[in-house]
Structures are given as structure tokens and as C-alpha cells.
Amino acid sequence: MLLNFALISFFLGAVKAEGNFIILHNPKSVQFSGNEEVDQSLLKEIFSAALGLTVKQRGNWNGMSIHNLLNLPEAVVVTAVEGKDSLNSTRGIIFPLNADENEETTWQALTGRLGKKDDNNTLVRIYLGDGLDALGQSSLGELKPMPIDPSSLQFLNLECEEDKKFLEEVQLLREIANKITSTITTKDSNPDVYWFVVSGLSRVIELHGKGSPSSNEALALLNDALNDVSESFVNVYNGKVLTATFTNDQSQVRRTRSTIVNRDISENDAQKVTDDRNLAKKYNDNYPVIFNIILWFGVTFFFSLLAICIAIASMDPGRDSIIYRMTSNRMKKEN
């Protein structure tokens, strides 16, 4: 009976998990262990804690422990792979992931905290699906990936549009790995966030089928590129960097896209996003200033009025006071 219950619980957990959270590199000050499932909405708290920021959402995930607050990572590097539950990776520490949040929401929440703390952070988000035409001049400089050699491919075909777009994303990842060694400087102590989004893998798998030779080749190429990116950032930051990848099969989660760093959303779109995600209302940058002016003026006015009322109530109504002069039936005559 207990064995059957355990098996049912295991399969329910397996169904709930819609992706993987993979730690490719972590410094000794931040350790990961176990295989406990983690919610995607908790990733921003994990990355925030790793960078020494205040954690706002308390969770009961026990997969991370911090051993040295004085030697935390200087950067977090994250690659989000859309539309895939697993990369079949043989490297890193892997946790089951429950995709309960859009990747862009996770990015905005994390970088929003860094933006409030300091405006000198390097915050880069690159949606690789935009292609080379959109990313030729990126936040990391000009990207010029090497042309794809058709002879290096066994099952993927450059004449297939889905395969070609995915391979371009892989080449962009490799170019980023080569580019960061000359474009990133780590002289300041401000924490940085680099966020890359891979979108073409899901279309390759939909076309060729899960477990097909073409899909397996695509997974192998992507894993190699992710390892190259991780190793390059580790070298640039001298090991003081947290590199991670997460995958999610978000068939039930609404996906949105953004530009590289900042995205202007119309009021109608912003209202829709707020309604769908149950997010707080977005306020203007002047809101906290106006709020503080009104708040402290109200507090000052209240206590000033209270002091005046107390002073008048405790005033001695003598014959020389203004109260006596204005209320006496016989007005005092001056000789």
C-alpha cells in the first residue's frame, strides 16, 4: 500500500515538473545540492540571494545554501530554453522545474531589484530568436558569428527553415562566448545579469519529432554552446559567477517577447499583462515623490492643528486675554 502511494506521488511530481533548472557553474560561496523541484517563480529569489540582494518571496526550497556572504558571485548568467522540458544534459546540477511563470516576468523582477539598488549594473537580455539582423549590434557589441559548415551536420539541414533558425541561435551563443572576453570589464563591484533566450529548439523538435536523430543532434549542439558560454563567463569573472539554464514547456503559460533590454508597453497591453498575471499596478516614477510630499504634509498639518487646539484649550481666560475681551459683556475701558 505504501509502495503504491509512493509511486503515485512520484508520477504526480513528474507530471507537474515541466522543465529543468540546471546549474552549470557556481562559486564555492553558493552551493547547490539535492534534486528537489523548484518553481520558476522562485528563480528570481534564488538569483537575488546569490547576488546578495534582499529576498522578497519566502520559499521552502532547500536546494541552495550560502556559505560566504563576503565572496558572493559578481554576476548571474542565465539561458532560458523555451518549449522544451529537458535538454538531456550530462553536466551540472539538475533540478525539476515547475513552469509557473513566464521567463520574461522572471527577468523583469530580478533586474527591477538591481535597478532600484544601483543604476550602474550591466543588465543584458538577448532574445536569440530575433536573429542576426536584429542583434548585429547588441548590448555586448557587434556580433559576427561564423558561417555554419553544412559538412559538420549529420541530420540537421540548412535548407530547412526551422533547422536554419535554430542553428543561427546556436552560432550566436558561440559568438557571445567569444565576444565577452573582450567586451566585458569587471572592475566595478556592481552585480550584473546576462539573460539569453533560445526559442528555435521547440520548432526543430516539433518538425522532426522528439527523440529523432535531428532532435538529438540539436540538443547536443545546444548543450555544447551553453557550456562554451558558461566557461567564457567563468574565465571573465575569475570564477565568481553563477551560470544556469532553465527549460520550460510552457504550453499552458502565456509567453511574451521583449527587445534586448527595455521594452515600452502600451497602457492597454500593460493592463492585459497585469490582469493575466495578477501583478501590482505599475506606477509612474514620480509616484513615490508625490506620495511622500502628501504624506508628510498631512502628518505635519495634523500635529500642528492638534498643538494649536491644545494651546487654546489650556489658555488662561484672564481679564487681559483676547478670550476675555471678546466674550465679556462689559468691554474693558481704557483710562
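In the predicted model, the side chains of Ser48 and Arg113 are joined by a polar contact of 3.0 Å. Ser48 is found in helix H2 and, with a relative accessibility of 0%, counts as buried because this value falls under the 20% cut-off. When residues up to four places away in sequence are not counted, Ser48 touches Leu53, Thr54 and Leu110 as well as Arg113.

Helix H2, which spans residues 43–50, also holds Phe47, a residue that forms an aromatic pair with Trp195. A pair of aromatic rings is described by the distance of the centres and the angle of the planes. For Phe47 and Trp195, the centres lie 6.4 Å apart and the planes make an angle of 90 degrees, an arrangement that is edge-to-face. Both Phe47 and Trp195 are buried. Because Trp195 belongs to strand S10 (residues 192–198) whereas Phe47 lies in H2, the pair ties together parts that are 148 residues apart in sequence. The count of aromatic pairs comes to 14, and ring pairs link Phe47 and Trp195 with Phe21, Phe32, Trp61, Phe95, Trp107 and Phe246 into a cluster.

A further element, helix H5, comprises 23 residues (161–183) and reaches 32 Å from its first C-alpha to its last, close to the 33 Å expected at 1.5 Å a residue.

Conventions. Residues are numbered from 1 along each chain as its sequence is written. This is a predicted model: local features need pLDDT of at least 70, side-chain atom pairs count only at pLDDT 80 or more; totals for chains, interfaces and linings use all residues. Side-chain values use heavy atoms; hydrogens and water are left out. Rings of Phe, Tyr and Trp (its six-membered ring) pair if their centres lie within 6.5 Å; planes under 30 degrees apart count as stacked, over 60 as edge-to-face and the rest as tilted. Helices (H or I, at least four residues) and strands (E, at least two) are DSSP runs, numbered from the N terminus. Buried means under 20% relative accessible area, exposed over 50%, partly exposed in between (1.4 Å probe, protein chains only). A polar contact is a pair of N or O atoms within 3.5 Å; within protein, one must be able to donate a hydrogen and the other to accept it, and residues adjacent in sequence count only if both atoms are side-chain atoms. Contact means heavy atoms within 4.5 Å. The expected span of a helix is 1.5 Å times one less than its number of residues.
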